[in-house]
Amino acid sequence: VTIMVDGAETKVVAEEGAILRNVILEAKGELYNGMMDKAMNCAGAGQCGTCRVDVLASSEGVIGERTPIEQAKLKAWRPSVRLASQTVLNGGEVTVMTKPKK
């Protein structure tokens, strides 16, 4: 997994079946956009929508389609934006950018 935070790139190895949010946080990646998002996040339940990432590139089958929770929370966002808490990694390569802009 390649994580891009504010232009800086970090590469980490993640096990198949890992949740992207956990991978980013374990790698000390900055997932949330400001103190309010950090304080108000739902700890991975998919309820707040603050763990948005933009999938810049991925091998086929690495991540599935948006979940119903993501479809509801990310209606106004481009299709490549996902909730890290709802994104399961299925092996392969993926590059994501945290804190995407609309």
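A: Beyond its neighbours within four places in sequence, Gln86 is in contact (heavy atoms within 4.5 Å) with Gly44, Ala45, Gly46, Thr67, Ile69 and Glu70. The model is predicted: local features need pLDDT of at least 70, side-chain atom pairs pLDDT 80 or more, while totals for chains, interfaces and linings use all residues. Residues are numbered from 1 along each chain as its sequence is written, and side-chain values use heavy atoms, without hydrogens or water.

Gln86 lies in the loop between strand E4 (81–83) and strand E5 (94–98); strands (E, at least two residues) and helices (H or I, at least four) are DSSP runs numbered from the N terminus. Gln86 counts as buried because its relative accessible area is 16% (buried is under 20%, exposed over 50%, partly exposed in between; 1.4 Å probe, protein chains only). The side chains of Gln86 and Ser85 form a polar contact of 3.2 Å (N or O atoms within 3.5 Å, one able to donate a hydrogen and the other to accept it; for residues adjacent in sequence, both must be side-chain atoms).

Now the strands. E4 and E5 belong to an open sheet of 5 strands, ordered E2-E1-E5-E3-E4 with mixed pairing. E4 and strand E2 (8–11) are the edge strands, each pairing on one side only (pairing takes at least two DSSP bridges). E4 pairs with E3 in the antiparallel sense, over 3 bridges. Arg82 in E4 is the bridge partner of Val53.
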